[in-house]
Amino acid sequence: MSTVDWQQRWVDGNTPWDFGAAHPFLVHKSSSFSLTGRALVPGCGSGYDVLALARGGRERTVIGLDLSEVARKRAIALRDDSGVSAERAQFVVADFFEYDGGGGRFELVYDYTFFCALPPAWRERWAAKMAQLVSPGGRLFTLVFPVYGRGDGSEGGPPFSVSPEAYATVLEPVGFVQEEGGAIPSEYARDYSSMNPSFQERYAIWVLRKE
Ligand SMILES: C[S@@+](CC[C@H](N)C(=O)[O-])C[C@H]1O[C@@H](n2cnc3c(N)ncnc32)[C@H](O)[C@@H]1O
């Protein structure tokens, strides 16, 4: 199974996933989360979604995590131009699977184009790590993309296709329960026609059961 050399992609500036803005549906939803605590965006890239979440809540601190120092520098530059404070939007270079939460768990984790970036054989590890990072009663917001074919990563991409069921298969056994989800209303959908017009997206919001 081929994996992506993310570090090299950032060094080369080969980042076709970068839309230059937060996902419109996250912007729409971000203010509806009545969160005052910490939020995490793993695989945040340039960090647009981190800034959208930081703007959405009055007392919220959002941490953007990425493997790449190049991505972190870019995200910090964009943040500093945006007017969002360094206290509200922080950027950390770390491997998601090694990350200890920086001293606590998160009320909200947002995953967009991170689950699909990982080899499908790592999906159970991804879910187990999410269950460690989300606070009991906290939420995991998955923007499910790219929905294609069976969604098991064996066809389509980039780099690996997904399906709503692919998330449920690994999240439910570790204690997540779906709170809401489905199609993204057309006014908040992203236009993927420049990539592949057959790509589709969905969303699902999961709550981690309090034992
Ligand atoms: C497809 S890109 C998506 C970036 C961003 N979510 C966006 O939509 O623009 C995937 C990102 O995940 C990062 N990444 C991949 N594996 C990672 C890991 N194990 N830990 C942290 N970041 C990782 C890559 O460096 C890359 O920036």
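Which strand does Val-147 lie in? Val-147 lies in strand β5; helices (H or I, at least four residues) and strands (E, at least two) are DSSP runs, numbered from the N terminus. Before we go further, a word on what you are looking at. This is a predicted model, where local features need pLDDT of at least 70 and side-chain atom pairs count only at pLDDT 80 or more, while totals for chains, interfaces and linings use all residues. Residues are numbered from 1 along each chain as its sequence is written, and side-chain values use heavy atoms, with hydrogens and water left out.

Val-147 counts as buried because its relative accessibility is 14%; buried means under 20% relative accessible area, exposed over 50%, and partly exposed in between (1.4 Å probe, protein chains only). Have a look across to Gln-200: the C-alpha atoms of Val-147 and Gln-200 are separated by 5.0 Å, although the two are 53 residues apart along the chain. Pro-146 has its place in β5 too, a strand that covers residues 134-147. The peptide bond joining Phe-145 and Pro-146 is cis, with omega at about -10°. Gly-138 is another residue in strand β5, and a relative accessible area of 5% is why Gly-138 is called buried.

Now for the ligand. Around it sit 14 residues, and Trp-10, Gly-43, Asp-66, Phe-96 and Thr-113 come nearest; to be near, a residue needs a heavy atom within 4 Å of the molecule or strand. By class, this shell has nine nonpolar, three polar and two charged residues. Ala, Val, Leu, Ile, Met, Phe, Trp, Tyr, Cys and Pro count as nonpolar, Asp, Glu, Lys and Arg as charged, and the others, Gly among them, as polar.

Zoom in on some atoms here. A polar side-chain atom of Asp-66 lies 2.6 Å from a ligand oxygen. The side chain of Trp-10 has an N or O atom 3.0 Å from an oxygen atom of the ligand. With Phe-96 it is the backbone that takes part, as one of its N or O atoms lies 2.9 Å from a nitrogen atom of the ligand. On its own the ligand has 600 Å² of accessible area, and the protein covers 95% of that (areas come from the Shrake-Rupley method with a 1.4 Å probe; for residues, only the protein chains shown count as cover).

Thr-113, one of the nearest residues, is found in the loop between β4 (106-112) and α5 (123-133). Thr-113 has a positive phi of about 55° although it is not a glycine. It counts as partly exposed because its relative accessibility is 25%.

Another loop to visit runs between β1 (38-42) and α3 (48-56), and Ser-46 has its place there. Is Ser-46 buried or exposed? Ser-46 counts as buried, because its relative accessibility is 3%. Its side chain joins that of Arg-74 in a polar contact of 2.7 Å; such a contact is a pair of N or O atoms within 3.5 Å, and within protein one must be able to donate a hydrogen and the other to accept it, while residues adjacent in sequence count only if both atoms are side-chain atoms.

Our last stop is Leu-208, in strand β7 (residues 200-208). Leu-208 is at 6% relative accessibility, so it counts as buried.
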